Amino acid sequence: MHIEVLTNEKELVKIELVGENQSVPQLVAKAGWEVGGQIAAIQEHPFTEQPKLVSVGANAKKNLEKAASKVAADAEEMEIEMKKALKK
C-alpha cells in the first residue's frame, strides 16, 4: 500500500491510499469515530480516483494514527479467533 499525503495542516489531514479499494479506508474511518476522531473515507469515482481519508479536528494526525492502530489490532484479534474456530 502506498499512502500519499495531500493535505497536512494542524486540523486537517487528507491522504490518498494508492492502489486500494474502499475496504481499508472504510475500516479506518469507522475506527476513527470509535477512538473519538472525525474521519471520513471518500472516493469521488471508483475508476478514475483513488480512495482518500480525511481527518478533521484538533488531533487530526493523531486520530488517523489511533484509527490505523485499532484496525491492525482488530485484524490480529480476528486472526486469533479465526484460527481457534477453524481448529474445531
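A nonpolar core is taken here as a set of buried Ala, Val, Leu, Ile, Met, Phe, Trp, Tyr and Cys residues joined through side-chain atoms within 4.5 Å, where buried means under 20% relative accessible area, exposed over 50%, and partly exposed in between (1.4 Å probe, protein chains only). The model is predicted, with local features requiring pLDDT of at least 70 and side-chain atom pairs counted only at pLDDT 80 or more, while totals for chains, interfaces and linings use all residues. Residues are numbered from 1 along each chain as its sequence is written, and side-chain values use heavy atoms, with hydrogens and water left out.

The largest nonpolar core comprises 13 residues, and Val-28, Ile-39, Leu-53 and Leu-64 have the most contacts inside it. At least two residues of this core come from each of β2 (12-18), α1 (23-34), β3 (38-42) and α2; helices (H or I, at least four residues) and strands (E, at least two) are DSSP runs, numbered from the N terminus. The greatest contribution is that of α2, with four residues. Leaving aside residues up to four places away in sequence, Ile-39 touches Ala-29, Gly-32, Trp-33, Leu-53, Val-54, Ser-55, Asn-63, Leu-64 and Ala-67, contact meaning heavy atoms within 4.5 Å.

Charged pairs come next. Nine salt bridges are found across the whole structure, each being a side-chain nitrogen of Lys or Arg within 4 Å of a carboxyl oxygen of Asp or Glu. One of them joins the side chains of Lys-70 and Glu-34 at 3.2 Å, N to O. This pair links distant parts of the chain, with Lys-70 in helix α2 and Glu-34 in helix α1, 36 residues apart. Lys-70 is partly exposed at 24% relative accessible area, and Glu-34 is partly exposed at 44%.

Lys-62 and Glu-65 pair at 4.0 Å, N to O, and lie three residues apart, about one turn of the helix. Further along, the closest N and O atoms of Glu-79 and Lys-83 are 3.3 Å apart; these two residues are separated by about one helical turn because they lie four residues apart in helix α2.

On the surface, Met-78, Met-82 and Leu-86 form a nonpolar patch with about 340 Å² of accessible area together. Met-78 belongs to helix α2 (residues 60-87) and counts as exposed because its relative accessibility is 54%. Patches are made of residues with over 30% relative accessible area and no salt bridge, like charges being joined within 9 Å and nonpolar side chains (Val, Leu, Ile, Met, Phe, Trp, Tyr) within 5 Å. Accessible areas come from the Shrake-Rupley method with a 1.4 Å probe, and for residues only the protein chains shown count as cover.
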